[in-house]
Amino acid sequence: MASAADSHWMAHALRLAERGLNTTSPNPRVGCVLVKDGIVIGEGWHERAGELHAEPIALHAAGERARGATAYVTLEPCSHFGRTPPCADALIAAGVARVVIAMQDPNPLVSGRGVAKLRDSGIVVETGLMEASARELNLGFVSRMTRGMPWVRSKIAASLDGRTALANGVSQWITGPAARQDVQRLRARSCAVLTGIGTVLADDPQLNVRDSEVVRQPLRVVLDSHLQISSSSRILQGGPVLIYAAIPDSAKITLLEQLGAQVVVLPNPDEQVDLPAMLGDLARRGINEVLVEAGAKLNGGLLQAGLVDELLLYLAPQLLGDEARGMAALGNLMALDQRIELQWQDVRHVGSDLRLTARINRP
């Protein structure tokens, strides 16, 4: 049974894991703390894919003192050779006596194997301490491993009456500078930022992380069924861009590829981009978290298809009226059982605006 001290040290391991929030993709965010006689003797967190995992970093810091210690790890130690050796083997070799794990690896091909290897070596293993917090930290990785889909977070900036732009399309700026800076933080943690061709044509965005240093920019993704994007669009500048189309226009595809973009054709029967296939393709590319920054059409399409996991609404203290543009084109619902139900997760002030976090209520 976990003690108050166990909870204290696991919370510390989770804080360490969070330091890799913007850098570990496609790997999970993991922290490790080694404790002996109530004192931390080593700690570490996974920083980047291909580099050392949290456990060997902590073990290196502890050295010989690791023998007989307790390791607090936010995710089940790996038991297989990837780009780095198995962390379970490193813990065994170091002679730790006990390993406390927040959550098992969600990858069905490896889940439980690290735990079994540790126990088979005589190490006491306990799992499930602060599992909800560990899972929250790696929502995208868990989603990709268990559903074959990234975690999809749709960001919408709107007035208090739910309007995202005037009828003529003017939308800069509804929300204040603090909310816009908060969006930069969201982009930095996301593996990809997704938008539609309507937003590209209307606003000519770049969708990159600005005003802060980052070790990697998110992949910019554009849904452009009929390849309407202009070769001068700003989104085609300054880093990788992935365009999903529904028509195999070889001449336009060649032009875009010469500009550095990659084009993938994934049509549905309506000659639009197949949205589930698109998200599945992103998952296969190692994309854990997708931030959607789009207009009402794409937001509505994703919501109607059941592909949005989380809504992040920035609401400004203003009213734009009935003729202004809405958040999501959901069509004319004829019955209440057609509505999309949400669960509130968080409400807070961000500057002069409100930030509301809600998740889709699924059975």
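This is a predicted model: local features need pLDDT of at least 70, side-chain atom pairs count only at pLDDT 80 or more; totals for chains, interfaces and linings use all residues.

Helices (H or I, at least four residues) and strands (E, at least two) are DSSP runs, numbered from the N terminus.

**The whole protein**

Let us step back for the overall picture. The protein contains eleven helices and 16 strands. Its C-alpha trace spans about 70 × 45 × 40 Å along the principal axes. How does the radius of gyration agree with that of a compact globule? For 363 residues, such a globule would have a value near 21 Å, and the protein has 23 Å, which agrees.

Of the 363 residues, 50% are buried. Among contacts with a separation of 6 or more, 68% are between residues 24 or more positions apart.

Now let us go inside. The largest nonpolar core has 37 residues, and M10, L34 and V99 have the most contacts inside it. Several elements give two or more residues to this core, including α1 (4–18), β1 (31–36), β3 (70–73) and β4 (98–101). Which element gives the largest share of this core? That is α1, with five residues.

Leaving aside neighbours within four places in sequence, M10 is in contact with Y72, V73, T74, V100, I101, A102, L129 and M130. There is also a second, separate core of 32 residues, and V152, L194, L279 and L302 are among its members.

**Four residues compared**

| Residue | Relative accessibility | Class |
|---|---|---|
| T70 | 13% | buried |
| R163 | 21% | partly exposed |
| D204 | 28% | partly exposed |
| L227 | 5% | buried |

Why does T70 count as buried? Buried means under 20% relative accessible area, and T70 has 13%, so T70 is buried. T70 is found in strand β3. Not counting residues up to four places away in sequence, T70 touches V33, L34, V35, R98 and V100.

R163, where we began, has its own set of partners. Again leaving out residues up to four places away in sequence, R163 touches A157, A158 and I174, and also L320, G321, D322, A324, R325 and G326. R163 and L315 are 152 residues apart in sequence, while their C-alpha atoms are 9.3 Å apart in space.

**Backbone details in the loops**

The peptide bond from S25 to P26 is cis, with omega near 10°. P26 has its place in the loop between α1 and β1.

Which phi value does D204 have? Phi of D204 is near 50°, a positive value in a residue other than glycine. D204 lies in the loop between α8 (197–203) and β9 (219–223). L227 is not a glycine either, and has a positive phi of about 50°. The loop that holds L227 runs between β9 and β10 (241–245).

Methods. Residues are numbered from 1 along each chain as its sequence is written. Side-chain values use heavy atoms; hydrogens and water are left out. The radius of gyration is taken over C-alpha atoms; the globule rule is 2.2 Å times the number of residues to the power 0.38. Buried means under 20% relative accessible area, exposed over 50%, partly exposed in between (1.4 Å probe, protein chains only). Contact means heavy atoms within 4.5 Å. A nonpolar core is a set of buried Ala, Val, Leu, Ile, Met, Phe, Trp, Tyr and Cys residues joined through side-chain atoms within 4.5 Å.
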